[in-house]
Amino acid sequence: MEQITISTLNNWKKSKQKIAAITAYDFSFAKLFFTQGISVMLIGDSLGMTIQGHTSTLPVTVQDIEYHTKAVRNGAPNAFLLADMPFMSYGEINQALNNASKIIQSGANMVKVEGGKWLVKTIKELSDRSILVCGHIGLTPQSIHYLSGYKVQGKNTYDKNRIIDEAFILEESGIKMLVLECIPELLGKKITQNLSIPVIGIGAGKYTDGQILVMQDILGINEGKLAKFAKNFLVDSNSIQHAIQKYIKAVQTGTYPQTIHSYI
């Protein structure tokens with residue numbers, strides 16, 4: 001597969017080709033995912049929970065993201081890699097510039113930040129320096145204490161309008177991709193249809209330009225209460241490779257997510 005760039009993803013949005021993305025944290029799985037057809041991977045701060053065993057993403061450091069980004073890039077040289085900027089690593093503009101440069105130099109194509117209006121100046125500064133930025137609104141795991149848990153966002157009119165406003169403001173500020181997490185399906189649809197950049201959903205319904213899932217959820221390697229949008233694709237598959245192929249096909253044909261995976 002040829003090198004995947006932001007232009008590739010923009011063209012897929014225009015042609016309505018769905019994007020199947022996944023989290024990745026190491027060389028072996030990154031290589032397997034790309035070989036099976038996954039072209040977009042996120043080195044997520046979810047590694048704090050899936051790899052390090054914490055109860056949230058908050059303990060993850062920039063150094064952690066750098067380490068895992070290097071490993072994933074070695075496994076998938078031509079993939080488009082997003083990497084999370086960890087909790088409080090972009091609270092001030094100079095801090096954001098310094099940490100984003102480290103993550104990009106580790107092999108990421110794009111950095112992802114969580115939040116709305118307060119990020120406008122930071123996003124503009126990063127964009128002015130040719131750093132691709134992905135926004136993340138709806139449920140933002142780095143704000144878990146403020147939100148009092150992992151809860152669906154945008155259920156009432158005020159919150160729906162707030163999230164829509166944030167999406168427009170972030171695009172205007174310079175983000176080149178947006179992740180929507182745990183919001184009602186029709187809200188995800190409205191935002192996706194009104195933005196010119198690719199919109200990737202996780203628990204945001206079937207109308208987004210693509211989907212992303214944590215690899216452990218796709219492979220059924222998880223414990224405790226599962227998110228509504230989680231689906232184990234390894235069930236009835238004869239290998240991990242087959243499970244990844246099923247995931248890609250389900251996203252591209254629109255059979256995932258279904259109503260049972262979405263919020264109304």
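For "active site", an unreviewed UniProt entry lists Glu181. The model discussed here is predicted, and in it Glu181 is found in strand S6.

**Glu181 and its surroundings**

- Glu181 counts as buried, because its relative accessibility is 9%, below the 20% under which a residue is called buried.
- The side chains of Glu181 and His136 are joined by a polar contact of 2.9 Å.
- Not counting residues up to four places away in sequence, Glu181 touches His136, Ile137, Gly138, Leu139, Pro141, Ile202 and Gly203.

**Helix H8**

- Helix H8 covers residues 157-173, and its 17 residues reach 24 Å from the first C-alpha to the last, which is close to the 24 Å expected at 1.5 Å a residue.
- At the N-terminal end, H8 is capped by Asn156, a side-chain oxygen of which lies 3.2 Å from the backbone nitrogen of Tyr158.
- After the helix comes Gly174, whose phi is positive, near 130°.
- The buried residues of H8 are Asp159, Ile163, Ile164, Glu166, Ala167, Leu170, Glu171 and Ser173.
- An α-helix has 3.6 residues a turn, so residues three or four places apart point the same way.
- The elements against which the buried residues of H8 pack are helix H6 (120-128), strand S5 (132-138), strand S6 (177-181) and helix H9 (185-194).

**Ser173 in helix H8**

- Ser173 has its place in helix H8, and it counts as buried because its relative accessibility is 6%.
- A polar atom of the Ser173 side chain lies 2.8 Å from the backbone oxygen of Ile169.
- Leaving out residues up to four places away in sequence, Ser173 touches Val120, Ile123, Lys124 and Ser127.
- Ser173 and Ser127 are separated by 46 residues in sequence, while their C-alpha atoms are 8.4 Å apart in space.

**The largest nonpolar core**

- The largest nonpolar core has 83 residues, and those with the most contacts inside it are Met41, Leu178 and Ile191.
- Helix H11 (residues 240-253) gives the most to this core, contributing 6 residues.
- With neighbours within four places in sequence set aside, Leu178 is in contact with Cys134, Gly135, His136, Ile137, Ala167, Leu170, Ile191, Leu195, Ile197, Pro198, Val199 and Ile200.

- Strand S1 (residues 19-23) and S2 run parallel and are joined by 3 bridges, and the bridge partner of Ile22 in S2 is Met41.
- S1 also pairs with S8 in the parallel sense, over 4 bridges, and here the partner of Ala20 in S8 is Gln211.
- Strand S7 (residues 199-202) runs parallel to S8 and is joined to it by 2 bridges, with Gly201 standing opposite Gln211 in S8.
- In a regular strand the side chains alternate between the two faces of the sheet.

**Two buried loop residues**

- Ser106 is found in the loop between helix H5 (93-105) and strand S4 (110-114), and it is buried because its relative accessible area is 6%.
- The side chain of Ser106 has a polar atom that lies 2.8 Å from the backbone oxygen of Lys102.
- Not counting residues up to four places away in sequence, Ser106 touches Glu66, Thr69, Lys70 and Arg73.
- Thr57 lies in the loop between helix H3 (47-50) and helix H4 (62-75), and it counts as buried because its relative accessibility is 3%.
- Apart from neighbours within four places in sequence, Thr57 is in contact with Asp45, Ser46, Met49, Pro141 and Gln142, and Pro141 is also among the residues that Glu181 touches.

Definitions and conventions:
Residues numbered from 1 in each chain as written. Predicted model: local features only at pLDDT ≥ 70, side-chain atom pairs only at ≥ 80, totals over all residues. Heavy atoms only, no water. Expected span 1.5 Å × (residues − 1). Buried < 20%, exposed > 50% of the residue type's maximum accessible area, 1.4 Å probe, protein only. Contact = heavy atoms within 4.5 Å. Polar contact = N/O pair within 3.5 Å; in protein donor to acceptor, adjacent residues only side chain to side chain. Core = buried A, V, L, I, M, F, W, Y, C linked by side-chain atoms within 4.5 Å. UniProt positions renumbered as here; feature names shortened; annotations may be inferred. Pairing = 2+ DSSP bridges.
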